[in-house]
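The following note sets out points for a colleague reading the structure alongside its sequence. Each point may be checked against the coordinates.

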Amino acid sequence: MPRILGVGTLLLDILSCVDDSFLAQNVPGRKGGSDTVTADFSRSLAVKLPGVKFAPGGSAPNTLDALAAWGIDSRLIGMVGRDEDGDYCKQHFRGDISAIKTHQELPTGRCISMVTPDSERTMRTFLGASAAIAPEDLQEQDFAGVDLLLFEGYMLYDEPLTLKIFEIAERLAIPVAFDLASFELVAKYRESLLPDLLKKCAVLFCNREEAEAFAGQGSNAELLDRLSVFAPLVALKLGRDGALIRQNGKTISVKAELVENPVDTTGAGDLWQAGFLYGLMQKKSLSLCGRFASAAAAELVQTLGARLTDETLEKLKQKFTDMEKNDE
């Protein structure tokens with residue numbers, strides 16, 4: 001099977017079900033977004049949360065974890081602290097952890113994911129050790145034999161590291177799949193880093209809010225037109241309205257697999273990407289890639305957190321096989 005290398009923030013997720021009034025009273029910013037916070041804010045918010053659940057997290061790690069379970073050779077570059085949280089995150093990652101670095105002083109990063117009754121999640125992240133990885137920490141062997149690089153947009157917070165990653169990928173002719181990650185993050189970098197980086201990408205993942213944060217207001221078709229100037233393959237995720245995939249001027253519409261009573265949307269985009277990349281890396285049709293992506297996301301929103309069980313992931317892999325037979 002092909003090899004994928006992910007670069008991202010390896011975090012401990014702290015999940016809690018809250019109501020809208022909790023967000024209004026305790027969390028500045030728009031509901032549904034994702035932003036970074038200080039260690040003090042993270043600690044003060046965590047003690048206010050009702051009924052928390054802990055789980056390994058991080059956008060690229062979530063995607064790669066599923067891909068590894070489906071048999072794709074998946075390696076992660078990231079950094080954790082020398083603590084129990086870091087050990088937990090590494091132990092619960094199904095892929096290759098040889099490129100995960102350890103910081104000797106900073107703690108492992110934590111992401112507080114607050115889920116409201118409408119299943120929407122609002123995230124506030126203390127990056128901790130995950131933001132301390134430096135350009136000199138990158139090793140050439142980390143990139144050896146890689147067929148695709150998945151770049152998590154949250155890494156944009158470290159410009160020197162981001163530029164080094166893209167320099168290595170370009171020098172080694174490794175195609176890059178870029179996940180825009182968050183509309184708040186996109187707004188910060190739309191005029192500086194993003195335009196030049198996106199032109200170096202083979203695949204661009206985004207939802208509608210992220211697309212508008214970068215390309216401005218417009219219809220789905222207009223957004224695809226603007227984004228396709230940068231990346232040859234664009235996947236625009238539209239939640240319950242499915243997704244649109246644009247390549248070489250052709251647009252494919254993918255229906256969402258609707259879930260009547262979703263529990264939590266945390267990580268739904270990450271699993272959508274996992275499903276899409278699973279098909280793409282095996283050179284399957286974009287229609288099949290999109291349909292399996294939708295199936296993976298639908299499974300995830302039925303559980304709290306961003307990781308699926310071995311049993312559910314195996315069930316999804318069999319579903320892909322069945323879809324592939326029907327696609328022939």
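**Notes on the predicted model**

1. The buried residues of helix α3 are S59, A60, P61, N62, T63, L64, D65, A66, L67 and A68. After α3 comes G71, which has a positive phi near 100 degrees. As throughout this note, the description refers to a predicted model.

2. As to the overall architecture, the chain contains 12 helices and 14 strands. Its radius of gyration is 18 Å, close to the 20 Å that the globule rule gives for 328 residues, so the chain is as compact as a globular protein of that length. The C-alpha trace extends over about 50 × 45 × 40 Å along the principal axes.

3. Burial and surface may be considered for the chain as a whole. Of its 328 residues, 56% count as buried. The accessible surface amounts to about 13600 Å², and carbon and sulfur atoms contribute 49% of it. Among contacts in the chain with a separation of 6 or more, 73% are between residues 24 or more positions apart.

4. The pairing of helix α10 (residues 268–280) with helix α11 (residues 286–300) deserves a separate point. The two helices pack at an angle of about 150 degrees, and their axes are 7 Å apart. The crossing of α10 past α11 is right-handed. On the α10 side the contact is formed by A268, L271, W272, G275, F276, Y278, G279 and L280; on the α11 side it is formed by L286, C289, G290, F292, A293, S294, A296, A297 and L300. By class, the residues of this contact comprise 13 nonpolar, four polar and no charged.

5. Most residues other than glycine have a negative phi. K283, although not a glycine, has a positive phi of about 60 degrees. K283 lies in the loop between α10 and α11, and it counts as exposed at 75% relative accessibility. S119, likewise not a glycine, has a positive phi of about 75 degrees. S119 belongs to the loop between β7 (109–115) and β8 (121–126), and with a relative accessible area of 6% it is buried.

6. Is L156 buried or exposed? L156 is buried, its relative accessible area being 0%, and its place is in the loop between β9 (148–152) and α5 (159–171). Apart from neighbours within four places in sequence, L156 contacts F151, T162, F178, L185, Y189, L193, L194 and L197. L156 and V186 are 30 residues apart in sequence, with a C-alpha to C-alpha distance of 9.2 Å.

7. Q141 is located in the loop between β8 and β9 and is exposed, with a relative accessible area of 52%, whereas L156 is buried. From Q141 to E167 there are 26 residues along the chain, and the C-alpha atoms of this pair are separated by 15 Å.

Conventions:
Residues are numbered from 1 along each chain as its sequence is written. This is a predicted model: local features need pLDDT of at least 70, side-chain atom pairs count only at pLDDT 80 or more; totals for chains, interfaces and linings use all residues. Side-chain values use heavy atoms; hydrogens and water are left out. Axes are lines fitted to C-alpha atoms, for helices over the stretch in contact, and angles run from 0 to 180 degrees between N-to-C directions. Helices (H or I, at least four residues) and strands (E, at least two) are DSSP runs, numbered from the N terminus. A crossing is left-handed if the near helix is turned anticlockwise from the far one by less than a right angle, and right-handed if clockwise. Contact means heavy atoms within 4.5 Å. Ala, Val, Leu, Ile, Met, Phe, Trp, Tyr, Cys and Pro count as nonpolar, Asp, Glu, Lys and Arg as charged, and the others, Gly among them, as polar. The radius of gyration is taken over C-alpha atoms; the globule rule is 2.2 Å times the number of residues to the power 0.38. Buried means under 20% relative accessible area, exposed over 50%, partly exposed in between (1.4 Å probe, protein chains only). Accessible areas come from the Shrake-Rupley method with a 1.4 Å probe; for residues, only the protein chains shown count as cover.
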